[in-house]
Amino acid sequence: MATRRLGGIATSSSVPDNGGDNSGGGGGSAGGYVDDVFSTYVYAGNAAARDIENGVDLAGEGGMAWIKSRTNTGYHFLFDTERGAEKALSSELPDTEMSRSGSLTAFNNSGFSVGSFASSNGSDQDYVSWTFRKAPKFFDCVTYTGNGVVGREIPHNLGCELGMVIVKS
């Protein structure tokens, strides 16, 4: 399968509202388009270290890459810049943070790098990745330590009410 980037056309309703700031929200030089802050990217695994270039600046702006094999029923792995490379969460496993050597090995200014880990770049496997860059009113990734207080508010940089929250201990 050929490597390709799937993208959409940005409309006024699909562009993150940055309060008039068209930099994409993170203080960087990106324009105010969905492709600057989000990517769905399909690639063929080759079990060799490589860059996945999807146009999303994770190194400078921060964010998350969610990787899933399309060839088999393997797990979903979520990697974020708060935890760092090779540290994953799985949406369907009870495990907390997992170290996965050779998985997502670096966050880059145009995507991310993967090694030979079978769940992110195995030979003869097809993968999909969803990459989210931090941007106001679009996406943020934070870590916190629970304290048992009911109704506790967790600070974030979205500048709006939350539409979805993923929490994993």
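Colleague: Which residue is the bridge partner of Phe79 in β6?

Modeller: Quick note first: this is a predicted model, where local features need pLDDT of at least 70, side-chain atom pairs count only at pLDDT 80 or more, and totals for chains, interfaces and linings use all residues. Residues are numbered from 1 along each chain as its sequence is written, and side-chain values use heavy atoms, with hydrogens and water left out. Strands here are DSSP runs of E, at least two residues, numbered from the N terminus, and two of them pair if DSSP finds at least two bridges between them. β5 (residues 77–80) pairs antiparallel with β6 (residues 87–89) over two bridges, and in β6 the partner of Phe79 is Ala88.

Colleague: Is Asp80 buried or exposed?

Modeller: Buried means under 20% relative accessible area, exposed over 50%, and partly exposed in between (1.4 Å probe, protein chains only). Asp80 points the same way from β5 as Leu78, with Phe77 and Phe79 pointing the other way. Its relative accessibility is 3%, so Asp80 counts as buried.

Colleague: Which residues does the salt-bridge network join?

Modeller: A salt bridge here is a side-chain nitrogen of Lys or Arg within 4 Å of a carboxyl oxygen of Asp or Glu. Arg83 makes one with Asp80, closest N and O atoms 2.7 Å apart, and another with Glu97 at 3.5 Å, N to O. Shared partners put these into one network: Asp80, Arg83 and Glu97.

Colleague: Why is the pair of Trp66 and Trp130 called what it is?

Modeller: Rings of Phe, Tyr and Trp (its six-membered ring) pair if their centres lie within 6.5 Å; planes under 30 degrees apart count as stacked, over 60 as edge-to-face and the rest as tilted. Seven aromatic pairs turn up in the whole structure. For Trp66 and Trp130, the centres are 6.1 Å apart and the planes at 80 degrees, so the pair is edge-to-face.

How values were computed: Helix = DSSP H or I, 4+ residues; strand = E, 2+ residues; numbered from the N terminus.
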